[in-house]
Amino acid sequence: MARSRTVRSPWRRRLILSIKLLLTLFVLALVALVVAVYIARSQLPSFDQLKSSPNGQMIRVHAADGSVIVSMGPSFGEWLPYNQIPAVMRDATVSVEDRRFRRHPGVDPIGIARSVQIRLERGRWVQGGSTITQQLARNVFLSSTKKFGRKFREWILALAMERKFTKDQILELYLNKVYYGGGAYGIDAAARKFFGHGADHLSLSEAAVIAGLVKAPSNYSPTADAEAAVGRAGVVIKTMVETGAISASEAAEADPEALKLAPEPRQNSVRYFTDWALPQLDMLIDEQQAPLEVWTTLDLGMQRDADAAIRANAPAGAQGALVALDRDGAVRAMVGGKDYVASIYNRATQAVRQPGSAFKLFVYLAALEAGHKPEDSIVDEPVTIGGWTPRNDSRRNSGPVSLRTAFAYSLNTVAAKLGQEVGFSTVADMARRFGITTTVNTHPSMVLGTSEVRLIDMTRAFASVAAKGVAVTPYGITRVTANGQTIYTHEVDRSHVLVAPYVAAQMTDLLQTAVNTGTGRAAQIGRPVAGKTGTTTASKDGWFMGFSSGITTGVWMGRDDAKPIAGLHGGTAPARAWAAFMKPATASRPIEQFDTQVTLPEWQLEPDEESYYGQPDNGTYVDEDGGPVDAVPSEQPVQDGGVQTETTTSEVLRPAPPSPTEDGDAPEQRQPPQQLNQDWIDRVTGRDSSRTPPPAPRRAPPTYPGDRPTQ
């Protein structure tokens, strides 16, 4: 027996030692916890200080004229003392959020154990163990980061708050500070937002709806999902019966489905702009607490005109978007759709669509930078590149033409030859240089606008051309103040030169021709305009991009599902919307002449009557590698992985002229119904011919800044 005791005693001693060690560690941990709690208690603000602290960061957004266009962030109503909070509101909150609120010390071990048990049973967290006091500590002092360190600090603060404040004070703070969704903090703000009256006389059904929001404000918001809100209110009422807060008969009389919600305030297109601009505050400033005054570039008059232009001109069933930039990149107007209430999706900044021939801006910029000039001759002829054969809308080729003519009538064969000459990767690099942030492919068909882009990026590119080749970066926030102190001021960077000024001047020359000879005629506003249309296959997208008098505006129209729209071309509805916006937008600005005057293309391709109305683009279909595939009827989707590119030759508004006769004499040309003479040019560009020297002969090449004299 003595031998047996000798064998067992070491294990017994180790067990006893382990128990003593654990007890010692427990006592030390308990002492440390008590010390931490009382240190935290001593550092807590007073009850009155917590009542007066802000519920969140308020942001007021000002237009360019200083007027307040929207208030963002939290809203809150009257602070309700505990005895003025309806009993049904207090009982509903305690029943659904923390039924042991009156019995635990701030942290509920039973609740934690129950949540862990459910976690083990279901394999995921379904029920949290946070008490009302913990939630208050987290909302007031901590973040919502799900880390153990944050949870431990939450426990310490909850225990400390229970030592400093009474249960009634904690519940009063909670009900006046907790977030209920829709920017509403506190029960009074929530009651006014959802039911149109204060929280001092809430009904049982209303209290149940509000109490049910705390778990997931966005999911159970009655304005977002009325059915979910009613269902959640039913759960709250059932819980109140289980806790004895109300009787079964009172629960039966409650009818959340019969509640009438307060009407939502009308939103307008200004919200497209604020939705784009305000998220940039996170990158511009560090202030997270103080109320902010944000001063923006938005011109309310231009915004109204932009909204009206899109609504009036976008085809039925189609959406429209518009971005207007001032010469320094300031966003003066932004419309992301026809109705913000119906759709908050911002098609000006978020949607990516194929730009069609508007993308040829980058093709010709690359060609001009490589040494070409607008009057250079290039042969419009059949061309095949890597198995891909582009074609012109006229199905004909015109032989030798100038770059000006090729651009004005958007000859696809010429664009393809230029892209092959300078390199398709060079064209892609030029697009990225000018601010295209989406992926640009380098297939040969890319010259016809097969890469998807954003409207704001395309507008930025055209604005950089208008700025004589200097990069223009769109911005919407000019300065931010907090407590009367300026904490951010925007500074315009004009140091980034994208192309030489003479290249930008040559490109402007080409863009003027596109507006003045047919496809963009609807965009004429009685002063010099430079711009480009774009139309994609089957009229799925229509673009007009242009600038005048220091304002660059881009317009896109199409359907969100990318279905064809009969009659939609860049030179029709988008150009009309552009003009409807730009006429009043530039009315108070002086007429500005471009560095180069309008020079019309060769007389052989002067437009006939049809050119004033535009024609649909031809469609070329290519596979993923840019190779040609059989054309697909526009009303049928492309199958088997074919990629429907949106080549744009609606700007070839008239078949090529007849071939010369065998003896070399050209056949008689049909005269256009309106003579394109200098008087006509002066009228559409706003120039007074009596004060402007007569231009050089039409075929004489213009001069550009930076040109070298002929040797």
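**Surface charge and a covered strand**

D225 is partly exposed because its relative accessibility is 34% (buried means under 20% relative accessible area, exposed over 50%, partly exposed in between, with a 1.4 Å probe and protein chains only). The model is predicted: local features need pLDDT of at least 70, side-chain atom pairs count only at pLDDT 80 or more, and totals for chains, interfaces and linings use all residues. Residues are numbered from 1 along each chain as its sequence is written, and side-chain values use heavy atoms, without hydrogens and water.

D225 lies in the loop between α10 (217-220) and α11 (226-242). Helices (H or I, at least four residues) and strands (E, at least two) are DSSP runs, numbered from the N terminus. Together with E227, D255 and E257, D225 forms a negative surface patch. Patch members have over 30% relative accessible area and no salt bridge, and like charges are joined within 9 Å. A salt bridge is a side-chain nitrogen of Lys or Arg within 4 Å of a carboxyl oxygen of Asp or Glu.

Strand β12 (residues 551-558) is mostly covered, with eight of its eight residues buried. I551, T553, V555 and M557 point one way. T552, G554, W556 and G558 point the other way. In a regular strand the side chains alternate between the two faces of the sheet.

Strand β12 pairs with β4 (residues 319-325) in the antiparallel sense over seven bridges; pairing requires at least two DSSP bridges. Strand β11 (residues 541-548) also runs antiparallel to β12, joined by eight bridges. W556 of β12 is the bridge partner of A321 and of W543. The hairpin of β11 and β12 has two residues between the strands, and S549 takes a positive phi near 55° there.

Technical notes:
Patch = residues over 30% accessible without salt bridge, like charges linked within 9 Å, V, L, I, M, F, W, Y side chains within 5 Å. Areas by Shrake-Rupley, 256 points an atom, 1.4 Å probe, with all protein chains shown as cover. Lys, Arg positive; Asp, Glu negative; His and termini not counted. Charge placed at Lys NZ, Arg CZ, Asp CG, Glu CD.
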